[in-house]
Amino acid sequence: MAKTLILTGVLIIVFFLAGAIGLGHLLHPQKWIILGFFVAYSFLFNRVMELGFREKNKNFIQFYLATIALRLILSLIFIGIELYLGLKQQELFVANFFVLYLFYTIFEIWNLNANLRRNSEK
């Protein structure tokens, strides 16, 4: 979870720098809500994966597939609620959400791969 918090800290710095150098128009005003969603989901992801590792990889695949399905369902619900509430700049919101979705997904797969490699060496 510490690596995810470091990643989030880097993203917060990038958000502030984007506004400072004049690229703030590329970020939706609700970027902090999107970022909060991914931090909350990452926390949930880490807890579920800890359960998967606790069972000595016996049910790891089921836990991992459950987190993928949960990410997709929660993301669709989140976007649906935001769009239903009459969000302005909907295309920018969805684009920012998609970029962060891919960013966090790639980071979590990379982090999980490192953990699997470390655990397989034991």
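Which residues line the second largest pocket? Leu 11, Val 14, Phe 15, Ala 18, Leu 27, Lys 31, Asn 96, Val 99 and Leu 100 do. This is a predicted model, where local features need pLDDT of at least 70 and side-chain atom pairs count only at pLDDT 80 or more, while totals for chains, interfaces and linings use all residues. Residues are numbered from 1 along each chain as its sequence is written, and side-chain values use heavy atoms, with hydrogens and water left out.

**The pocket**
- A pocket here is an open set of points on a 1 Å grid over the protein atoms alone where a 1.4 Å probe fits, with protein on both sides within 12 Å along at least five of seven lines; lining residues have an atom within 4 Å of a point.
- The second largest pocket has a volume of about 150 Å³, taken as the space filled by probe spheres set on the points.
- Helix 1 (2–20) and helix 4 (90–120) each give two or more residues to the lining of this pocket, and helix 1 has the largest share, with four; helices are DSSP runs (H or I, at least four residues).

**The nonpolar cores**
- A nonpolar core joins buried (under 20% relative accessible area, 1.4 Å probe, protein chains only) Ala, Val, Leu, Ile, Met, Phe, Trp, Tyr and Cys residues through side-chain atoms within 4.5 Å.
- The largest one has 18 residues, and Ile 34, Phe 38 and Phe 97 have the most contacts inside it.
- Helix 4 gives the most to this core, six residues.
- A second, separate core of six residues includes Tyr 41, Phe 45, Phe 60 and Tyr 64.

Terms used
Buried means under 20% relative accessible area, exposed over 50%, partly exposed in between (1.4 Å probe, protein chains only).
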